[in-house]
Amino acid sequence: MSIDSPEPVASAQYSWDGEATLLHTIVETLASATGQAPEDLPPLHRAVDVDALEALFGPRADGRLRPLTGTVSFVLAGHEVEVQSHGRVVVRVA
């Protein structure tokens with residue numbers, strides 16, 4: 001993220017060991033940012049492989065958290081979606 005990045009339109013905190021899925025958290029946050037119903041958004045799989053995100057940032061099979069930090073961002077529905085390794089999902093206008 002650069003200094004000139006626009007302010008987030010919406011954000012949410014995903015819990016790697018919580019009840020909600022990462023897919024649900026991303027879709028709900030993007031829906032909030034765009035003002036669209038979740039079912040009216042383009043399919044998320046067109047922009048990112050959510051299973052790969054969970055494998056990259058989520059806990060290991062034994063439950064231990066991964067020691068890496070970073071972000072993955074993609075554009076969908078005219079918005080940049082950033083998923084941070086600690087679970088923060090941030091949406092900005094692209």
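Axes here are lines fitted to C-alpha atoms, for helices over the stretch in contact, and angles run from 0 to 180 degrees between N-to-C directions. Helices (H or I, at least four residues) and strands (E, at least two) are DSSP runs, numbered from the N terminus. The model is predicted: local features need pLDDT of at least 70, side-chain atom pairs count only at pLDDT 80 or more, and totals for chains, interfaces and linings use all residues. Residues are numbered from 1 along each chain as its sequence is written, and side-chain values use heavy atoms, with hydrogens and water left out.

**View 1. Helices H1 and H2 cross in a right-handed sense.** The axes of H1 and H2 come within 10 Å, and their crossing angle is roughly 115°. A crossing counts as right-handed if the near helix is turned clockwise from the far one by less than a right angle, and left-handed if anticlockwise. Look for Leu22, Leu23 and Ile26 on the H1 side, meeting Val50, Leu53 and Glu54 of H2; contact means heavy atoms within 4.5 Å. Sorted by class, this contact has 5 nonpolar residues, 1 charged and no polar. In that sorting, Ala, Val, Leu, Ile, Met, Phe, Trp, Tyr, Cys and Pro are nonpolar, Asp, Glu, Lys and Arg are charged, and the others, Gly among them, are polar.

**View 2. The largest nonpolar core holds 20 residues.** Such a core is a set of buried Ala, Val, Leu, Ile, Met, Phe, Trp, Tyr and Cys residues joined through side-chain atoms within 4.5 Å. Buried means under 20% relative accessible area, exposed over 50%, and partly exposed in between (1.4 Å probe, protein chains only). Leu22, Ile26, Leu44, Leu53, Phe74, Val81 and Val83 touch the most other members. Two or more residues each come from helix H1 (22-34), helix H2 (50-57), strand E2 (71-76), strand E3 (79-84) and strand E4 (88-93). H1 gives the largest share, 5 residues.

**View 3. Thr25 sits in helix H1.** Is Thr25 buried or exposed? Thr25 is buried, because its relative accessible area is 9%. Setting aside neighbours within four places in sequence, Thr25 is in contact with Ala12, Tyr14, Ala20 and Val89.

**View 4. Four strands make an open antiparallel sheet in the order E1-E4-E3-E2.** Here two strands pair if DSSP finds at least two bridges between them. E1 and E2 are the edge strands, each pairing on one side only. From one strand to the next, the twist averages 15°. H2 packs on the sheet and touches E2 and E3, with its direction at about 165° to that of E2.

**View 5. Strand E4 pairs with E1 and with E3.** Strand E1 (residues 10-13) joins E4 in the antiparallel sense over 4 bridges. Ala10 has Val91 as its bridge partner in E4, while Gln13 has Arg88. E3 and E4 are also antiparallel, over 5 bridges, and Glu82 stands opposite Val90 in E4.
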